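Welcome! Please take a moment to look over the structure below, and then we can walk through it together.

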Amino acid sequence: MHIRENSPLYSLHEMHYAAITPLNFFANASKAFHHHPLNPLSYTGFGRHMAAAAELVERVTHRYGKPEFGITHTKVEGKQVAVTEEVIATMPFCRLLHFEKDMRKQQPKLLLVAPMSGHHATLLRGTVEALLPFLDVYITDWLDARNVGTHHGEFRLEDYISYTIEFTKMLGPDVHLMAVCQPSVPVMIAASVLNEAKDKATPRSMTLIGGPIDARVNPTKVNKLSMEKPMHWFETHMITRVPFNYPGFMRRVYPGFMQLTSFISLDPDRHVNAHVDLFKHLVAGDGDSARAHKKFYDEYLSVSDLPAEFYLDCIDQVFQRFLLPRGEFVYDGKKVKPEAITKTALLTLEGELDDISGVGQTEAAQRLCSGLPKNMRKHHVQKGVGHYGIFNGRKFREHVVPIIVDFIGKQEK
């Protein structure tokens, strides 16, 4: 089936959710009934199985909204410090957030550029939490395209780069940049532009984590799909329009629910088994394991739409024509020159088991930034982690964060 611009796909998706809402309500009521302490059945094996089954159905049919960061405290040098989330700037497609800490000591300023890839910036909550004790963290909070009115116009890859440059200039000449996955390319381009212009806001360093700087290197399933299909296929199969019940009515988007389907299809058995395990944890009363599952999937299943132009630009320029590593990327009418980067130190980080951005794709930045001396570059491959493990989780906190903090600290001297 070919999905065209005027496809009813999104409307059908909305109708599907409307149709299963009664089932979700019934499952929620059944869970409450079989869980209630005054219900004798809740103390029986049958009651626990019924409550667990109802909760599973309730979660599968639930519509997950945008989560909150919810970070209120961190520890700096062993002392608990209050954290306040504030909006520094608002643009049509993005908010710039600052996690302000209640302390006098100044820390290196970090702009964390989040991916616009179907999930919200809150997917990097663990990244922010791990970095807050050491750095003054700002993050790009990209807005769900279905909530952006068409009067704001298109949003392309070039606009993403422009936003990154504008935020970098806003935060001043002493800022450090960090990109997780997809934004590695626009962040490197932004750094190239600022370096070549000898702009006073040129960042002191950039940390690129698991990003497709050169997707030709060690291609993954994701890369191969992007390379094997022609652009016409992506236009007709992946792009639809926002239905009437959202502010972005008629905006062309790549829907978040399609991106989520793509992610799950990479390893469907893993997600099925995870929900089977949740059922077992609920029946056994293993609250800690059940909470860990819910915490992950509450975030994972919360998705946002991408502007169609941005999505198609990424497929075309990053994954099919490889413009940046081939020296052919054009921004604002001029070819981008990574070799012009001489003032921005470079740290590249990869996960040994990354199945999204293969090992070597991010390291390619080291080759492109030929104008940097060796003492301003560093590359690290973290053993035993995949795509998410390189920016989240225990190994990230214990092994990767110290590398980032040490590297940034050296550029402050």
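Helix 5 (residues 184-196) lies across strand 4, strand 6 and strand 7 (205-209), and runs at about 160° to strand 7. Helices (H or I, at least four residues) and strands (E, at least two) are DSSP runs, numbered from the N terminus. Angles run from 0 to 180 degrees between N-to-C directions, with axes being lines fitted to C-alpha atoms, for helices over the stretch in contact.

A word on the model: it is predicted, so local features need pLDDT of at least 70 and side-chain atom pairs count only at pLDDT 80 or more, while totals for chains, interfaces and linings use all residues. Residues are numbered from 1 along each chain as its sequence is written, and side-chain values use heavy atoms, with hydrogens and water left out.

Nine strands form an open sheet with mixed pairing, in the order 1-2-3-5-4-6-7-13-14. At its edges are strand 1 (73-76) and strand 14 (377-382), each pairing on one side only. Two strands pair if DSSP finds at least two bridges between them. From one strand to the next, the twist averages 25°.

Inside this sheet, strand 4 (residues 109-113) and strand 6 (residues 175-180) run parallel and are joined by five bridges. Lysine 109, for instance, has valine 175 in strand 6 as its bridge partner. Helix 4 (residues 157-171) packs on the sheet, touching strand 2 (79-91), strand 3 (94-101), strand 4, strand 5 (136-142) and strand 6. The direction of helix 4 makes about 165° with that of strand 4.

## The nonpolar core

What sits in the largest nonpolar core? This core has 102 residues, and those with the most contacts inside it are Ile139, Met206 and Ile404. Helix 11 (residues 308-320) gives the most to this core, with eight residues. A nonpolar core is a set of buried Ala, Val, Leu, Ile, Met, Phe, Trp, Tyr and Cys residues joined through side-chain atoms within 4.5 Å. Buried means under 20% relative accessible area, exposed over 50%, and partly exposed in between (1.4 Å probe, protein chains only).

Methionine 206 has contacts (heavy atoms within 4.5 Å) that include Leu177, Val187, Met188, Ile341 and Cys369, leaving aside its neighbours within four places in sequence.

Helix 11 is mostly covered, with 12 of its 13 residues buried. Among the buried residues are Glu309, Asp313, Asp316 and Gln317, along with Phe310 and Phe319. The cover over the buried residues includes helix 4, helix 5, helix 6 (221-228), helix 7 (231-238), strand 9 (252-254) and strand 10 (306-307). After helix 11 comes phenylalanine 322, whose phi is positive, near 50°.

## Aromatic pairs

How many aromatic pairs does a search of the whole structure find? The search gives 13. Rings of Phe, Tyr and Trp (its six-membered ring) pair if their centres lie within 6.5 Å; planes under 30 degrees apart count as stacked, over 60 as edge-to-face and the rest as tilted.

Tyrosine 160 and phenylalanine 310 are both buried. Ring pairs also link them into a cluster with Phe93, Trp142, Phe155, Tyr163 and Phe167.

Three strands form an open antiparallel sheet in the order 8-9-10. Its edge strands are strand 8 (240-241) and strand 10, each pairing on one side only. Strand 9 and strand 10 pair over two bridges, and the partner of tyrosine 254 in strand 10 is leucine 306.

Methionine 250 lies in the loop between strand 8 and strand 9, and its phi is positive, near 80°. Asparagine 218, in the loop between strand 7 and helix 6, also has a positive phi, near 45°. Most residues other than glycine have a negative phi.
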